[in-house]
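Please consult the sequence and the structure alongside the text.

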Amino acid sequence: GLPQGHAPVIRELIIPVFRDNKIVAILGVGNRETPYGSRDIDVISQLANMAWDIVMMKRYQEDREKILYDMGERIKEIRCLYESSNIAKSSSSIGDILRQIMSILPRAWQFPEIASACIAIDGIAYSSGPWADVPWRISSPVNAGGRERGKVELIYREERPGAEEGPFLAKERNLIDTVARTIGEAIERIE
């Protein structure tokens, strides 16, 4: 049946859109005063196929944009891991390592413009920018010498859409855990 208030259907023409021998869409027109002819079928078929092509191009464009965005996020994470590793290996001062890693950490997150990092070891904390007591935080313990020595923590100062862990991505969980492990290994090397 037709929805309430719908005009009565006198005539209709339904055109399927085929791709790989499967119907992927249909386009319907109706209520022409005279019967539909072969010319109408050709024109509506072309219109239906063009409409489907536009839909598919839009989908491909959205997929491409998502892939490019995701690649950009992975590049930021890899850059952070690379820089953290180099910092941890090249410095002989725990304070220098913590300050330098803390300064690069926010750039690696999905929303760096509202991110702040804090690394606290043995009661001494280094933070990058404004710190607030907010619910949007992710942290990882820093273990060295068989005990927990502190933590690496990152906050968002504003709410962001939910992801796998609050507003944080699963890859960001892996990132902060790896950075915390890198710091722990550096502390063990220096001490």
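## Helix packing and burial

Arg74 is found in helix 1, where helices (H or I, at least four residues) and strands (E, at least two) are DSSP runs numbered from the N terminus. The model is a predicted one, in which local features need pLDDT of at least 70 and side-chain atom pairs count only at pLDDT 80 or more, while totals for chains, interfaces and linings use all residues. Residues are numbered from 1 along each chain as its sequence is written, and side-chain values use heavy atoms, with hydrogens and water left out.

At 22% relative accessibility, Arg74 counts as partly exposed; buried means under 20% relative accessible area, exposed over 50%, and partly exposed in between (1.4 Å probe, protein chains only). Not counting residues up to four places away in sequence, Arg74 touches Leu169 and Lys171, contact being defined as heavy atoms within 4.5 Å. Arg74 and Glu172 are separated by 98 residues in sequence, and their C-alpha atoms lie 9.6 Å apart.

Helix 1 (residues 38-90) and helix 3 (residues 170-190) pack at an angle of about 5 degrees, and their axes are 9 Å apart. Axes are lines fitted to C-alpha atoms, for helices over the stretch in contact, and angles run from 0 to 180 degrees between N-to-C directions. Helix 1 and helix 3 are therefore roughly parallel to each other, since angles under 35 degrees count as roughly parallel, over 145 as roughly antiparallel, 65 to 115 as roughly perpendicular and the rest as oblique. Helix 1 contributes Arg74, Glu77, Cys80, Leu81, Ser84, Ser85, Ala88 and Lys89 to the contact, and helix 3 contributes Lys171, Glu172, Leu175, Thr178, Val179, Thr182, Ala186 and Arg189. These residues divide into six nonpolar, four polar and six charged; Ala, Val, Leu, Ile, Met, Phe, Trp, Tyr, Cys and Pro count as nonpolar, Asp, Glu, Lys and Arg as charged, and the others, Gly among them, as polar.

On the helix 3 side, Thr182 is in contact with Ser84, Ser85 and Ala88, leaving aside its neighbours within four places in sequence. The accessibility of Thr182 is listed with that of other residues below.

| Residue | Relative accessibility | Class |
|---|---|---|
| Arg74 | 22% | partly exposed |
| Cys80 | 3% | buried |
| Cys118 | 13% | buried |
| Thr182 | 15% | buried |

In helix 2 (residues 94-104), the buried residues are Gly95, Ile97, Leu98, Ile101, Met102 and Ile104. Their cover includes helix 1, strand 3 (115-121), strand 4 (124-127) and helix 3.

## Cysteines

How many disulfides does a search of the whole structure find? The search finds zero, a disulfide being a pair of cysteine sulfur atoms within 2.5 Å. The sulfur of Cys80 is 15 Å from the closest cysteine sulfur, in Cys118, which is too far for a bond.

## The chain overall

The chain has three helices and six strands, and its elements run β-β-α-α-β-β-β-β-α from the N terminus on. Its radius of gyration, taken over C-alpha atoms, is 29 Å, well over the 16 Å that the globule rule gives for 191 residues, so the chain is more spread out than a compact globule. The rule is 2.2 Å times the number of residues to the power 0.38. Along its principal axes, the C-alpha trace spans about 90 × 35 × 25 Å. Of the 191 residues, 33% count as buried. Among contacts with a separation of 6 or more, 57% join residues 24 or more positions apart.
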